[in-house]
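Hi everyone, thanks for making time this morning. Let me put a structure up on the screen, and then I'll walk you through it.

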Amino acid sequence: MTLFILFCLLSFYSFGTAMMDYFMLYPSRFLVGATEFVEYHKFLEAAILPISVFPFLLIIIMNIVLFWVRPLQVSRQLLWFSFACLIIDFASTVIIQAPWNFELSEGKNVVLMQKITDTNWLRVFFEASQVIIVFLLLKQMISSLEIRNRSNAYDAELNPGRRLE
């Protein structure tokens, strides 16, 4: 269950960092002058790895592991949907956004920056979908625990001397 909770927390964290990147940092690149753009872009690229990329990769790994060690209350089907969203997002990043971002390391290119911004909505959609699925998974877990607690309370009323687990 600990892995599942960490997966949920890291998914929420990753979604937040991604949205900050997409809605704050991407637009800010247009405001940076051409002479300082390369330095600014390199700074962002270096910072994004530990803050956003590594946690995202860890979420994918955790999602895979959860196929085998998931809490019984958690839907395997929803885990597959979560994984599909993560893989589509990852593929879009590797195939489309990352090569263009690497190209920006050579200098400011407004047309390329606009292409990145315009095609990024696919990533926004799948990252938002994944975090909604994680919310539903967490809701399943909490609902199951609430039912178990109510059941234990009912058992305690019927059997006051019995020790509950």
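A quick word on terms before we start: a helix here is a DSSP run of H or I with at least four residues, and the numbering goes from the N terminus. Please keep in mind that this is a predicted model.

With that in hand, reading the protein chain from the N terminus gives α-α-α-α-α. So that's five helices and zero strands, by the DSSP runs I just described. Of the 165 residues in the chain, 38% are buried. Looking at contacts with a separation of 6 or more, 75% of them link residues 24 or more positions apart. The chain exposes about 9900 Å², with 70% of that supplied by carbon and sulfur atoms.

Now let's zoom in on one residue. T17 sits in helix 1, which covers residues 2-29. Is T17 buried or exposed? Its relative accessibility is 15%, so T17 counts as buried, the cut-off being under 20%. Beyond its neighbours within four places in sequence, T17 touches I51 and S52.

Next, a helix pair. Helix 3, residues 76-104, and helix 4, residues 110-119, have axes that come within 10 Å and cross at roughly 160°. Angles over 145 degrees count as roughly antiparallel, and therefore that is how helix 3 and helix 4 run relative to each other. Their crossing is left-handed. On the helix 3 side, the contact involves I96, Q97, W100, N101, E103 and L104, which meet L112, M113, K115, I116 and T119 of helix 4. Sorted by class, that contact has six nonpolar, three polar and two charged residues.

Thanks, and I'm happy to take questions!

Technical notes:
Residues numbered from 1 in each chain as written. Predicted model: local features only at pLDDT ≥ 70, side-chain atom pairs only at ≥ 80, totals over all residues. Heavy atoms only, no water. Helix = DSSP H or I, 4+ residues; strand = E, 2+ residues; numbered from the N terminus. Buried < 20%, exposed > 50% of the residue type's maximum accessible area, 1.4 Å probe, protein only. Contact = heavy atoms within 4.5 Å. Areas by Shrake-Rupley, 256 points an atom, 1.4 Å probe, with all protein chains shown as cover. Axes fitted to C-alpha atoms, helices over the stretch in contact; angles between N-to-C directions. Parallel < 35°, antiparallel > 145°, perpendicular 65-115°, else oblique. Left-handed = near helix turned anticlockwise from the far one by under 90°. Nonpolar A, V, L, I, M, F, W, Y, C, P; charged D, E, K, R; others polar.
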